[in-house]
Amino acid sequence: MNGTLVGPLTFGSVEPNSGLKNALGKNRADVIADISASGIKGRGGAGFPTGVKWNLAAAAKDDRKFVVCNADEGEPGTFKDRVILSEYADLVFEGMTIAGYAIGATQGIVYLRGEYSYLRALLEAVLEKRRQQNLLGEDILKKKGFHFDIAIRMGSGAYVCGEETALIESLEGHRGEPRNRPPFPVDTGFMGHPTVVNNVETLAWAACILAKGPEWFKKIGTEKSTGLKLFSVSGDCARPGVYEFPMGITIAQLLKEVGGENAKAVQVGGASGRIVPAKEFERTLAYEDIPTGGSIIVLGPQRDMLHVARNFMEFFVEESCGQCTPCREGTQKLLEGIELLEQGKCSTRYLHELCALGETMQLASKCGLGQSAPNAFLSIVQHFREELMGRNNLIPAGKE
Amino acid sequence: MLVTERDRVKEDIVRWVEQYGGNRSALIPTLQELQRKYSQITDFAMQVVADALDIHPAEVYGVVSFYSFLDHRPKGKFVIRLCRTLSCDMQGKDRVARQLENDLGIRFGETTPDGKFTLEWANCIGMCDQGPALLVNEQVFTRVTPEKVHDILEGCRRTFGVYALEQKEEHLV
């Protein structure tokens, strides 16, 4: 059930809680300085520098602050967080505790997606064990005055709640509709208090960085995208599963590792990501080239790209929160457009209009969901136009 | 004294609201408990929750209607959610879907007349490397094939009907 974990992860080689012990031996500013020096950026996909985020939350003046672990892993094709939580939950909680120490928070919350309810008992048991070992609770590891505990809250099946402000709305008991930013959660987060929201993987790496030092992390990867990253690989390949690679790996290298060399295209970043056609397989997976939260869906030569576009657009029609017009109406219109293409009834001019609508959505939607909803469609139109136009709806795709 | 269903719902809600902190952020955990225990969040329950939290019932309805795991309509004891997202789709979710419909005699979005099974689509349940995948309540099944559908359903059926003598239903205990 835990999935194919291909090869050992660095997470397993780090001595448990050595990161936390190191952190508690330093002052708060130095802990954040280590995180900043490592160059780590948010592993959920958006790529905001973690050190900057912690710094802003640490600088905010408030008696109550929160650390939220975003375990609402809803992006299609992503399952690394499930594996991390199944195998290395201790490391994630350790990372949260370090974040709590660094920013001066006393409460951590894990927002676990409803689909992963079966992990809850395991996570509660790990938390209880940590409390008994004084790794959570009051005066943690005899550090006077450092109190921190972690609670688990469940999601209820809404993809948009992976967006940090929607997640906070959900924690507060509201519909998961994203807020306007600014103010950012580091300033006005859960219950109006400064809140750091970090991805599961980011927190686990934070614990590793404190254990092994920022230099270790910084020398892996590229200059702008440091360190290692977990990739969730699925689709038409011989060995799907969770892989650990340095940032900056090319898609061709990755495909070789997973046994998907004959792919026609790769969907990078899930439904909100984009299609990378075979001719661009030398591009790198890094924040400065193709940013990703780690979702890699390999598409073999037999796949119908319009079907891919349809699957993702149906996803967004379903998951759009309906709050802002470009996203709510745009996703519907694009899906109708895809249906026209399927029937072979879409004029070139109308296809151009659909693309223009997609670009409007990228600019005008309120949150990341709406801004990224047209990405898959637009990149498929860009790279696989010849597959889309003038289709004969009587012949199933791929059998012409 | 006869304890009616309504009294029981009321007692449960008051207890849950208290347990989860008594403020607005207790709303969703309370609704999740209601959904789990009663397979439905009725208008009455929403009113009671609203009273307990001192908010308008429309606020509660807004939340219930927003999340796909919460529902004001009655759901089956077993909610089957088949993942329809691309990776599971490419691994053959359509045939599993058809077999589920055939074996249950309902379409997606419907509940069997005996109130035991609800069939729904799910968006990516994070089992992309082992698809097609589905959830039965909180339990996950991976690499499901059309011929495995029968066994999965029988596993559920063993907890009620003629089998109930052997293994009592959870809510009757």
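1. Fold of chain B. Chain B contains seven helices and four strands. Their order along the sequence is α-α-α-α-β-α-α-β-β-β-α. The model is a predicted one, and the values below should be read as computed from it. Taken along the principal axes, the box filled by the C-alpha atoms of chain B is roughly 50 × 40 × 25 Å.

2. Extent of the interface between the chains. On the chain B side, 33 residues are in contact with 52 residues of chain A. The area that chain B and chain A bury between them is about 3300 Å², and 55% of this lies on carbon and sulfur atoms. Within chain B, the residues that lose the most area to chain A are B:Phe66, B:Leu86 and B:Met90. Together these three account for 19% of what the chain B side buries.

3. How many salt bridges does the rule find between chain B and chain A? The count is two. A salt bridge joins A:Glu318 and B:Arg84, with 3.0 Å between the closest N and O atoms. That distance falls inside the 4 Å cut-off of the rule. For polar contacts, the interface of chain B and chain A has 22 residue pairs, with both residues at pLDDT 80 or more.

4. Which elements of chain B take part. Three helices of chain B each give two or more residues to the side that touches chain A: helix 2 (27–38), helix 4 (57–66) and helix 5 (86–90). Of the elements on this side, helix 4 of chain B gives the most, with five residues. Sorted by class, the side of chain B that touches chain A consists of 16 nonpolar, 11 polar and six charged residues.

5. Domains of chain A. Chain A is divided into three parts, namely domain 1 (10–218), domain 2 (228–299) and domain 3 (305–388). The C-alpha centres of domain 1 of chain A and domain 3 of chain A are 34 Å apart.

6. Contact between domain 1 and domain 3 of chain A. Here 12 residues of domain 1 of chain A are in contact with nine residues of domain 3 of chain A. The two domains bury about 860 Å² between them, 69% of it on carbon and sulfur atoms. The side of domain 1 of chain A that touches domain 3 of chain A has five nonpolar, three polar and four charged residues.

7. Aromatic pairs. Over all chains, the structure holds 17 aromatic pairs. How are the rings of A:Phe231 and A:Phe245 arranged? Their centres lie 5.9 Å apart and their planes meet at 45 degrees, so the pair counts as tilted. A:Phe231 belongs to strand 5 (residues 228–235) of chain A, and A:Phe245 to strand 6 (residues 241–246) of chain A. The pair links distant parts of the chain, its members being 14 residues apart.

Definitions and conventions. Residues numbered from 1 in each chain as written. Chains lettered and ligands numbered in written order. Predicted model: local features only at pLDDT ≥ 70, side-chain atom pairs only at ≥ 80, totals over all residues. Heavy atoms only, no water. Contact = heavy atoms within 4.5 Å. Buried area = accessible area lost by both parts, 1.4 Å probe. Salt bridge = Lys/Arg side-chain N within 4 Å of Asp/Glu carboxyl O. Polar contact = N/O pair within 3.5 Å; in protein donor to acceptor, adjacent residues only side chain to side chain. Nonpolar A, V, L, I, M, F, W, Y, C, P; charged D, E, K, R; others polar. Domains from an automatic or database assignment. Phe/Tyr/Trp six-rings, centres within 6.5 Å; stacked < 30°, edge-to-face > 60°.
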